Amino acid sequence: MSWTRGLPGALAVCVLLLVAAAGCGTGEAHGQRGAGSPSPVGKILDDTDESGRHYRELDKKRAPEVGTVVTPDAAGGWDVRLDLHRFRFSPAGTAAKAVVGRGLAYLFVDGGLVTRLRTSAYHLPAGLVPHGTHHVTARLYADDGTVWAVHGKPVESTADVTASGAETASPSASASGGAPTAPTPAGSGANSADAG
């Protein structure tokens, strides 16, 4: 007799479990391959930088800008200064979350990463810029590791420097498109390089 009374209860539990399981799959992106939750800041693009970090597209009005100025130092080496607009450096230990106008800069010499900056000033040792012409590039990244971008291009600026044996160079700064000293999408910062 207990078997017949327990059957309706067991069936009711099964129906509830099936309904609950079906309800869990009603999210818009659930079940779609490659679909992620929409980004609250900008749009994540398929394009990546050399290390595979995705670009995060912003409209030009909201995007940060950066200009790169490199001058020879009297003691040897090169002083790099970043001119930043609509951008502030985040302190070390900041959560890995994209916030408009926040993040850090990566500094490259001839395409090779030199350091990650949380400041607008950096001293390049003379050994990193040997005799000849070199490209010093600052690129802006969000705290989640994505690259700030405008119109599918990274927010960066490149200065061309020519090192002679006597460190008497004539630096010229340019945005990534080759225009003189014009900043390309960035803000203002403190003074420290980020090892990681």
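Trainee: How many helices and how many strands does the protein chain have?
Mentor: The structure before us is a predicted model. Its protein chain is built with strands and a helix, and the count is one helix and 15 strands.

Trainee: What percentage of the residues of the protein chain count as buried?
Mentor: A residue is taken as buried when its relative accessible area is under 20%. The chain has 196 residues, and the share that counts as buried is 37%.

Trainee: Which residues have the most contacts inside the largest nonpolar core?
Mentor: In soluble globular proteins, nonpolar side chains tend to be buried together. Here the largest nonpolar core has 28 residues. Those with the most contacts inside this core are Leu82, Leu124, Val136, Leu140 and Trp148.

Trainee: Which element gives the most residues to this core?
Mentor: Two or more residues come from each of β3 (65-72), β4 (78-85), β6 (102-109), β9 (132-141), β10 (147-150) and β12 (156-163). The element that gives the most, with four residues, is β4.

Trainee: Which residues form the covered face of β4?
Mentor: In a regular strand the side chains alternate between the two faces of the sheet. The uncovered face of β4 holds Asp79, Arg81, Asp83 and His85. The covered face is made of Trp78, Val80, Leu82 and Leu84.

Trainee: Which residue of β8 is the bridge partner of tryptophan 78?
Mentor: β4 pairs with β8 in the antiparallel sense, over four bridges. Within β8, the bridge partner of tryptophan 78 is leucine 124.

Trainee: In the hairpin of β3 and β4, which residue in the turn has a positive phi?
Mentor: β3 and β4 pair in the antiparallel sense over eight bridges, and threonine 68 stands opposite leucine 82 in β4. Five residues lie between the two strands of this hairpin. The turn residue with a positive phi, of about 110 degrees, is glycine 76.

Trainee: How far apart in sequence are the parts tied together by arginine 86 and glutamate 65?
Mentor: Side chains of opposite charge can pair when their charged atoms come close. The side chains of arginine 86 and glutamate 65 meet in a salt bridge at 3.0 Å, N to O. Arginine 86 belongs to the loop between β4 and β5 (88-89) and glutamate 65 to strand β3, so the parts tied together by this pair are separated in sequence by 21 residues.

Trainee: What is the distance, N to O, in the salt bridge of arginine 81 and aspartate 83?
Mentor: Arginine 81 is partly exposed, at 42% relative accessibility. Aspartate 83 is also partly exposed, with a relative accessible area of 26%. Their side chains meet in a salt bridge with an N to O distance of 2.2 Å.

Trainee: Which residues do salt bridges that share partners join into one network?
Mentor: The side chains of glutamate 156 and arginine 139 meet in a salt bridge of 2.7 Å. Glutamate 156 lies in strand β12 and arginine 139 in strand β9, so the pair ties together parts 17 residues apart in sequence. Both of these residues are buried. The network joined by shared partners consists of Glu50, Arg139 and Glu156.

Trainee: What distance separates the C-alpha atoms of aspartate 143 and alanine 96?
Mentor: Aspartate 143 is placed in the loop between β9 and β10, and at 13% relative accessibility this aspartate counts as buried. Alanine 96 is 47 residues away along the chain.

Trainee: The side chain of which residue makes a polar contact of 2.6 Å with the side chain of aspartate 143?
Mentor: Leaving aside neighbours within four places in sequence, aspartate 143 is in contact with several residues, including Ser90, Ala96 and Arg118. The side chain joined to that of aspartate 143 by the 2.6 Å polar contact belongs to serine 90.

Trainee: At what distance does the side chain of arginine 118 reach the backbone oxygen of serine 90?
Mentor: Arginine 118 is found in the loop between β7 (112-117) and β8 (121-124). With a relative accessible area of 12%, arginine 118 is buried. Its side chain reaches the backbone oxygen of serine 90 at 2.7 Å.

Notes. Residues numbered from 1 in each chain as written. Predicted model: local features only at pLDDT ≥ 70, side-chain atom pairs only at ≥ 80, totals over all residues. Heavy atoms only, no water. Core = buried A, V, L, I, M, F, W, Y, C linked by side-chain atoms within 4.5 Å. Buried < 20%, exposed > 50% of the residue type's maximum accessible area, 1.4 Å probe, protein only. Salt bridge = Lys/Arg side-chain N within 4 Å of Asp/Glu carboxyl O. Contact = heavy atoms within 4.5 Å. Polar contact = N/O pair within 3.5 Å; in protein donor to acceptor, adjacent residues only side chain to side chain. Pairing = 2+ DSSP bridges.
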